[in-house]
2 protein chains.
Amino acid sequence: MEALTDFSRLSLNQITTNSWGMREAVEGCARAGIPWIGLWREKVQEYGLANSRRLVEDAGLRISSLCRGGWFPAASKQERQARIDENRRAIAEAAELGTDVLVLVCGPAPDRDIRAGRLMIEEAIGQILPDARSAGVRLGIEPLHPMFAADRSAIVTLAEANRLVEFFKSDSLGVVVDVYHIWWDPDVFAQIARAAGHILGFHVSDWPVPLPDTLLGRAMMGDGMIDLRPLRASVEATGYRGPIEVEIFNRVIWDAPGDEVLALMKQRYLSCV
Amino acid sequence: MEALTDFSRLSLNQITTNSWGMREAVEGCARAGIPWIGLWREKVQEYGLANSRRLVEDAGLRISSLCRGGWFPAASKQERQARIDENRRAIAEAAELGTDVLVLVCGPAPDRDIRAGRLMIEEAIGQILPDARSAGVRLGIEPLHPMFAADRSAIVTLAEANRLVEFFKSDSLGVVVDVYHIWWDPDVFAQIARAAGHILGFHVSDWPVPLPDTLLGRAMMGDGMIDLRPLRASVEATGYRGPIEVEIFNRVIWDAPGDEVLALMKQRYLSCV
């Protein structure tokens, strides 16, 4: 497996430079020659939807994805309906921004019944799929690491995400493969192969030892224990040639100057991914 | 699924009252009417092997398991051999103590190659199995939570542990089912059923939200998001009727008076497990 030799597929997920607002992130990418950016709804709202779209276009960037929809399970039918409505707004925002991928972080069960939570997720996805289709937006289920099963996502394996995609048989539904969440899985290569044709995004970062924090513990590529290149190779073996997003939740990286983060990210992208 | 109504299967894993030495833990169990205890090698060594055995016997307790063997992968053949020798000592200690279960925490890969680490584990288990058999000790592979894949165990699913047991086809090899490590798995009930006949231990605790720490984050049963009773039901559906160990790594619980911890543990054992 050969190293990447240019930055044509590199994307900055906006959370990696969390201290930057929309304008700083877009200008930072343009300065660094990073052609893609992954946006977060909160930051888009802060800057304005139309303004964000114009800013990105004017800088010559493309939007690899919008984070995030999901968070479907809730205790009451009324609250679940509110979550579905919120996801419809997220789909509309993705379409308005001109990206065709909305990342789904599916949410935890509202109580101890994780199986019921998974059924709520399935039901909700079924409800919003027609909206996604008519908006030309694809929904990317991102399985989270099992350590987030109780508080962020009842979908914690690529196998479960693949099962959902196969169940709905819709071109508007796929998976987002994030190495931090799935690298540990003995079945990871088989599940990536199974995802052929419905991989909507590929996210990279690393798993440091010791892990300083579950949410904010992610490291820059090369600073942890994930063997990134075989994972990229298996994703590419499915035919995926889309953007590779660098998504790092890490307080130390957030506190560093953004331009330095982007420079290191480019270097590690070539040497480690 | 009915609640447990007596304490005949309850076991204190010694780590739950980590501030107690051997004598305090054994006397605490005797006072509380807890008939089983799970020992740790470090604490046994501190008190002496023969002394520990005598103390437990005199108190009328039985030893549910010895923690822990394992930690097999290493960068050099020489170091891997040293780990195997250490496991042979652990097997001998388990036999000397009069317990027939040695818990295996298999260890992480020595580098980024987790697949190679898993092969080292398989090879090492093959080497120590004859020793276990002749000592009358059974090895219980405990899959750890995937968040420990980089630093504690390359075996992170019950499926992998079951695969190893099926590969070796030996009565001296089985699995230890710990709810904290496997509750998130969409396949958990199928994998527990698959483990029928080779479950050598069942450990309970809980998963609090937010998780304060990966290693020391476990909670008392009932203080987290794990639906314990269906897990016990599925373990019992395999025919397992052995001890139920309470194993909690948690600084707050460690700092509490041991007798209070045991009292709460008994209460939650009846109401939650």
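Reader: In what order do the strands of chain B close into a barrel, and what makes two strands count as a pair?

Author: The model discussed here is predicted: local features need pLDDT of at least 70, side-chain atom pairs count only at pLDDT 80 or more, and totals for chains, interfaces and linings use all residues. Residues are numbered from 1 along each chain as its sequence is written, while chains are lettered from A and ligands numbered from 1 in the order of writing. In chain B, 8 strands close into a barrel in the order β1-β2-β3-β4-β5-β6-β7-β8, with parallel pairing. Neighbouring strands of this sheet are turned by 30° against each other on average, direction ignored. Two strands pair if DSSP finds at least two bridges between them. Strands (E, at least two residues) and helices (H or I, at least four residues) are themselves DSSP runs, numbered from the N terminus.

Reader: How do you know that β6 and β7 of chain B are paired?

Author: Strand β6 (residues 173–178) and strand β7 (residues 199–204) of chain B are joined by 4 bridges and run parallel. The requirement is at least two bridges, so β6(B) and β7(B) qualify as a pair. Within this pairing, B:V176 stands opposite B:G201 in β7(B).

Reader: Why is B:I141 called buried rather than exposed?

Author: A residue is buried if 20 or more other C-beta atoms lie within 10 Å of its own, exposed if 12 or fewer, and partly exposed in between, with C-beta atoms placed from the backbone. B:I141, found in strand β5 (residues 138–141) of chain B, has 27 other C-beta atoms within 10 Å and is therefore buried. Leaving aside residues up to four places away in sequence, B:I141 touches B:L104, B:C106, B:I155, B:A161, B:L164, B:V165, B:V175 and B:V176. Such a contact requires two C-beta atoms, placed from the backbone, to lie within 7 Å.

Reader: How do you know on which side of helix α9 of chain A its buried residues lie?

Author: The buried residues of α9(A) (residues 228–237) are A:L228, A:L231, A:R232, A:S234 and A:V235. They cover an arc of only 160° around the axis, which puts them on the same side of α9(A). The arc is that of the directions from the helix axis to the C-beta atoms. These residues pack against β6 (173–178), α7 (179–182), α8 (188–194), β7 (199–204) and α11 (258–272) of chain A. Just after α9(A), A:G239 takes a positive phi of about 105°.

Reader: What makes the two chains related by symmetry, and how many residues of each are in contact?

Author: A rotation of 180° with 0.0 Å of shift along its axis superposes chain B on chain A, with an RMSD of 0.0 Å. The two copies are thus related as by a two-fold rotation axis. The same surface serves both copies, as 100% of the contact residues of chain B recur in chain A. Copies are superposed by least squares on the C-alpha atoms of residues with pLDDT of at least 70 in both. In the interface, 21 residues of chain B are in contact with 21 residues of chain A.

Conventions: Axes are lines fitted to C-alpha atoms, for helices over the stretch in contact, and angles run from 0 to 180 degrees between N-to-C directions.
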